[in-house]
Amino acid sequence: MRIAILSRNASLYSTRRLVEAAEERGHEIDVLNPLRCYMNINARESSIHKHGKELPHYDCVIPRIGASVTFYGTAVLRQFEMVGSYPLNESVAISRSRDKLRSLQLLSRKGIGLPTTGFASQPQDIPDLIDMVGGAPLVIKLLEGTQGIGVVLAETRQAAESVIEAFMGLHSNFMVQEYIKEAGGADIRCLVIGDKVIAAMKRQAKAGEFRSNLHRGGSASLVKLTPAERATAVKAAKTMGLNVAGVDILRSNHGPLVMEVNSSPGLEGIEQATEKDVASQIITFLEKNAKAHKTRTKGQG
Ligand code: ADP
Ligand code: MG
């Protein structure tokens, strides 16, 4: 197959591993910076260009679109979908997953366990908003944060009120969430491919920190999932419409709670913690599933 990876940096671990795995399995693979791709959108035949030339046809596209370029990156991916390339994850599913609130709304509709979450815009609603999630301590999250940045633990009601007021004053979009204390600063990253969790790791926050992100100094270790955790992770990925996803779960005393679903999960932490060849499994998924014009939305979303 001829595969394109949409990634701004060919030397990133995940990009390198996917290139390696594809070449090992006899595929031709190019790394394309999505910001360098530009598009001709017209009624007859749309096309994608780079460096003054039309790109060749790719059978599959692996999007590795950074959070800071979601808008442009998903537009490029949509264009690939329109010319019939099979996307590992669809553009609509990526856009959905990048908005934490929208994701939780979709997951809640399917009855998937979530930390109780509130969303409001007016300062007069702050007291009720805080009560809705069970009072302090509580977590406040910017809707488009990533790598733990934009996630705040407010330990007291007073702290919660002032942080919420500040965010409202800045007109930033954020949500307020029940703090799952019993998770003990740990969460479980489940790597889902298709309808299976193929690797999982526990991430533990460093001392004095509640965010377990590896980028915030968290450490990874092997973990054995319960059947309920496995089922929850697969259902969450499916609900988002993602073929490949990193589903983050908190272990609460009332079962697994999904915190977020990542559409471009990093491979470095999970391959190292589990010693699994995740990159090859992604390529194998494409070999089994890629077909021209086989997207749920045909780039319409
Ligand atoms: P990001 O997209 O920035 O990674 P997350 O929603 O995943 O944001 O939150 C970052 C980390 O903060 C999580 O990995 C988890 O360790 C911790 N965390 C987030 N929400 C909660 C919560 N409701 N209760 C307990 N810990 C939480
Ligand atoms: Mg996270």
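## The shell around ligand 1

Among the elements of the fold, β9 contributes the most to the shell around ligand 1, giving four residues; strands here are DSSP runs of E with at least two residues and helices are runs of H or I with at least four, both numbered from the N terminus. This is a predicted model, in which local features need pLDDT of at least 70 and side-chain atom pairs count only at pLDDT 80 or more, while totals for chains, interfaces and linings use all residues. Residues are numbered from 1 along each chain as its sequence is written, chains are lettered from A and ligands numbered from 1 in the order in which they are written, and side-chain values use heavy atoms, with hydrogens and water left out.

Of the 21 residues around ligand 1, those that come nearest are K100, K141, G148, N213 and E260, where a residue is near if one of its heavy atoms lies within 4 Å of the molecule. The shell comprises eight nonpolar, seven polar and six charged residues, with Ala, Val, Leu, Ile, Met, Phe, Trp, Tyr, Cys and Pro counted as nonpolar, Asp, Glu, Lys and Arg as charged, and the others, Gly among them, as polar. At least three shell residues come from each of domain 2 (99–113 + 182–284) and domain 3 (117–179), the bounds being taken from an automatic or database domain assignment.

## Polar contacts and burial

Ligand 1 has an oxygen atom 2.6 Å from a polar side-chain atom of K141, and a nitrogen atom of ligand 1 lies 3.1 Å from a polar side-chain atom of Q177. In the side chain of N213, an N or O atom is 2.8 Å from an oxygen atom of ligand 1. The protein buries 98% of the 540 Å² that ligand 1 exposes when taken alone, with accessible areas from the Shrake-Rupley method and a 1.4 Å probe. Two or more shell residues are given by each of β9 (138–146), β10 (149–154), β11 (174–178) and β16 (255–262).

## Backbone features

The peptide bond from A136 to P137 is cis, with omega near -5 degrees, and P137 lies in the loop between α5 (126–132) and β9. H51, in the loop between β4 (47–50) and β5 (53–54), has a positive phi of about 50 degrees although it is not a glycine.

Notes: A polar contact is a pair of N or O atoms within 3.5 Å; within protein, one must be able to donate a hydrogen and the other to accept it, and residues adjacent in sequence count only if both atoms are side-chain atoms.
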